[in-house]
Amino acid sequence: MKTILSFSSWPLVFFSGLLGAHFAFSSERPMLAFALVYAGEVLLLFLLERHIPYERRWLLADGETANDIAHTLLTKGLVQIIALLAVVFPMLAATVLQPLAGARFDVWPAAIPMPLQVVMAVVIAEFGLYWSHRIAHERLFFWRFHALHHSVTRLWVINTGRFHIADSLFKVALSQIPLYLMGAPLEVFWWLGAVTAFMGILTHCNVDMRTGFFDYIFSTPRLHRWHHSKDIREGNTNYGENVVFFDLLFGTYFNPDRPSSTDIGIRGQIARGFLRQLAQPFRKDGIRQIIGRATKDG
């Protein structure tokens, strides 16, 4: 039974989530309905983590659960407190910002079937997601914000949304502004948010998933564990958020024939406590702590 679950759990969660999103977006309250679907998928992964964990150590508490939840609810987007779930932010941002984007070129192929529009949106947005993610690893100014996400010492479904707000806004800007300018309809943004949401909880889940050929199309748990490795030769790879097309194109795809890393985290130190974690990248001593250099106090 565990072997069957290992091979079926990734497509089960991802495609059932998309099916649920289809019914949610067709309902009278699409955002609320989607939040419920998302919560159900999180619960499913939470249960799978306890039944077929990839790393049993990661089932143990690390003292950061409250902070992980706080970052997910409050700092992955400006309207997180209203949405209650981090993944709703891209959808609400689209709802609010799209009418304000007067400089749109209206070149979006709205006449083609919606599934093709979604695939197109995912690829276009992924270009911005890939480069914002890669820049966050290669440039200290951005790494000081992104390091919060990589400071986790275990991967599990609850710390999916552990991002500094500056990091999240940078990613949203680079990935969604091109779609706004092209005149993509609101429904496309909803679907992009759904794909990103389900991919996010899947990449972080502590479930022993056998993803096979999916590793060459999507960002999978196997690939993302390599991305979280403490060894920067492994960690500075697999930047794709939803798909790995640009990793393959730009030579940052990493998928050796061995179990993916469980030695994850950063060499620096992240502050303890939610508010201190938000403030740390703005302080000189905080930046030194993040990158692992000694501070004046020791």
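Author: Helix α7 is mostly covered, with eight of its 11 residues buried (buried means under 20% relative accessible area, exposed over 50% and partly exposed in between, with a 1.4 Å probe and protein chains only). The buried residues of α7 are Trp-143, Arg-144, Phe-145, His-146, Ala-147, Leu-148, His-149 and His-150. Helices are DSSP runs of H or I of at least four residues, strands are runs of E of at least two, and both are numbered from the N terminus.

This is a predicted model, in which local features need pLDDT of at least 70 and side-chain atom pairs count only at pLDDT 80 or more, whereas totals for chains, interfaces and linings use all residues. Residues are numbered from 1 along each chain as its sequence is written, and side-chain values use heavy atoms, with hydrogens and water left out.

Two packed helices are described by the angle between their axes and the distance between the axes. For α6 (residues 114–138) and α7 (residues 140–150), the axes come within 6 Å and cross at roughly 100°. Axes here are lines fitted to C-alpha atoms, for helices over the stretch in contact, and angles run from 0 to 180 degrees between N-to-C directions. The two helices α6 and α7 are therefore roughly perpendicular to each other; angles of 65 to 115 degrees count as such, those under 35 as roughly parallel, those over 145 as roughly antiparallel and the rest as oblique.

On the α6 side, His-133, Ile-135, Ala-136, His-137 and Glu-138 meet Leu-140, Phe-142, Trp-143, His-146 and His-150 of α7. By class, this contact of α6 with α7 has five nonpolar, four polar and one charged residues. Ala, Val, Leu, Ile, Met, Phe, Trp, Tyr, Cys and Pro count as nonpolar, Asp, Glu, Lys and Arg as charged, and the others, Gly among them, as polar.

His-149 and His-150 are also touched by His-228, which is placed in the loop between α10 (221–227) and α11 (232–235). Contact means heavy atoms within 4.5 Å. His-228 counts as buried because its relative accessibility is 0%.

The wider interior can be described through its cores. A nonpolar core is a set of buried Ala, Val, Leu, Ile, Met, Phe, Trp, Tyr and Cys residues joined through side-chain atoms within 4.5 Å. Of the 44 residues in the largest nonpolar core, those touching the most other members are Trp-10, Phe-14, Phe-25, Phe-34, Leu-45, Leu-179 and Phe-198. Two or more residues of this core come from each of α1 (2–25), α2 (30–51), α6, α8 (165–182) and α9 (186–204). The most, 12 residues, is given by α9. Apart from this core lies another, of six residues, among them Trp-143, Ile-266, Ile-270 and Ile-290.

As for the protein as a whole, its secondary structure comes to 14 helices and zero strands. Buried residues make up 55% of its 298 residues. Among contacts between residues at least 6 apart in sequence, 72% join residues at least 24 apart.

Methods. Lists of a residue's contacts leave out its neighbours within four places in sequence.
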